Amino acid sequence: MQLYLVTNRKQCLLPLPEVVRQAAGAGVNGIILREKDLTSRELYELALPIRKITGETGTTLIVADRLEVAMAVQADGVLLGYSSLPPGVVKQTIGYRGEIWASVHSPAEARQAQQNGATALVAGHIFTTDCKPGLNPKGISFLKEILAQVTIPVIAIGGITSSTAPSLIGSGAAGVAVMSYINNAQEPSLATRKLLAVCTR
Ligand SMILES: Cc1ncc(COP(=O)(O)OP(=O)(O)O)c(N)n1
Ligand SMILES: Cc1ncsc1CCOP(=O)(O)O
Ligand SMILES: [Mg+2]
């Protein structure tokens, strides 16, 4: 399984570019830059050094929500959520040629996203997480329902740690996306290595 870091600079004990540098250096497969509260200009300024770091390590960079920022920094793709442009608009109307990932929360959304040109899906939240307070986790059964609907890669998100990730091996998920476990770590490189050891088992 692949391992993706979803950024959250507010959880970080170090400056975000340093967390990204450590995770990328430790071998994470990709960075999903998700800082929804920033303006496009602010996100662009933050994305520039992160693009430089990921370029040096050959790590995939996906920008969440903001297609214009993804294009401006020549990221590998965009991750579209509820408040973003729909995948079909990004692909057909705009003609974006990069990766188009979609954040999905039901089998119907997953099917629709694939039909409209999504190249991968991020599905969750699978396990309990402080990032989705008061919301019941959807569990591995939900992941399986999504996998049954689509042929594109599906990445599991929500509550992924070195303790929960092993239960996803063999589930069919192409990867896992992690926020708290790495952003919030004293040593993001160590947290990344621990998760990679599980994911590559
Ligand atoms: C039921 C439901 N509605 C909306 C959201 C927010 O989804 P999304 O746009 O994917 O944003 P994040 O998942 O990145 O917070 C949701 N999670 N669930
Ligand atoms: C963006 C997002 N969508 C579902 S859970 C989540 C946050 C990541 O969860 P965690 O911090 O538990 O890795
Ligand atoms: Mg979501």
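In which hand, left or right, does α5 pass α6? In this predicted model, the crossing of α5 past α6 is right-handed.

**Overall form**
- The chain is built with 8 helices and 8 strands, and because its radius of gyration of 16 Å is close to the 17 Å that the globule rule gives for 201 residues, the chain is as compact as a globular protein of that length.
- Taken along the principal axes, the box filled by the C-alpha atoms of the chain is roughly 40 × 40 × 30 Å.

**Helices α5 and α6**
- The axes of α5 (residues 107–115) and α6 cross at roughly 30° and come within 9 Å; an angle under 35 degrees counts as roughly parallel, and α5 is therefore roughly parallel to α6.
- On the α5 side the contact is made by Pro107, Ala110 and Arg111, and on the α6 side by Glu145, Ile146 and Gln149.
- Sorted by class, this contact of α5 with α6 holds 3 nonpolar, 1 polar and 2 charged residues.

**Helices α1 and α2**
- Helix α1 (residues 16–26) packs against helix α2 (residues 40–57) at an angle of about 15°, the two axes lying 10 Å apart, and α1 and α2 are therefore roughly parallel to each other.
- The crossing in which α1 passes α2 is right-handed.
- From α1, the contact draws on Leu16, Pro17, Val20, Arg21, Ala24 and Gly25, while α2 contributes Leu46, Pro49, Ile50, Ile53, Thr54 and Thr57.
- The contact of α1 with α2 has, by class, 8 nonpolar, 3 polar and 1 charged residues.

**Helices α1 and α8**
- Helix α1 also meets helix α8 (residues 188–199), with axes that come within 8 Å and cross at roughly 35°, and α1 passes α8 in a right-handed crossing.
- The residues in this contact are Val19, Gln22, Ala23, Gly25 and Ala26 of α1, together with Pro188, Ser189, Thr192, Arg193 and Leu196 of α8.
- By class, the contact of α1 with α8 divides into 5 nonpolar, 4 polar and 1 charged residues.

**Backbone details in loops**
- The peptide bond leading from Gly124 to His125 is cis, with omega near 0°, and His125 belongs to the loop between β6 (120–123) and α6 (139–149).
- Asp65 has a positive phi of about 80° although this residue is not a glycine, and Asp65 is placed in the loop between β3 (60–64) and α3 (67–72).

**Ligand surroundings**
- Around ligand 1 lie Gly81, Tyr82, Ser83, Ser103 and His105, a shell that divides by class into 1 nonpolar, 4 polar and no charged residues.
- Ligand 2 is surrounded by 14 residues, of which the closest are Thr129, Cys131, Gly158, Met179 and Ser180.
- The shell around ligand 2 comprises 7 nonpolar, 6 polar and 1 charged residues.

Technical notes:
Residues numbered from 1 in each chain as written. Chains lettered and ligands numbered in written order. Predicted model: local features only at pLDDT ≥ 70, side-chain atom pairs only at ≥ 80, totals over all residues. Axes fitted to C-alpha atoms, helices over the stretch in contact; angles between N-to-C directions. Helix = DSSP H or I, 4+ residues; strand = E, 2+ residues; numbered from the N terminus. Parallel < 35°, antiparallel > 145°, perpendicular 65-115°, else oblique. Left-handed = near helix turned anticlockwise from the far one by under 90°. Contact = placed C-beta atoms within 7 Å. Nonpolar A, V, L, I, M, F, W, Y, C, P; charged D, E, K, R; others polar. Near = placed C-beta within 6 Å. Rg over C-alpha atoms; globule rule 2.2 N^0.38 Å.
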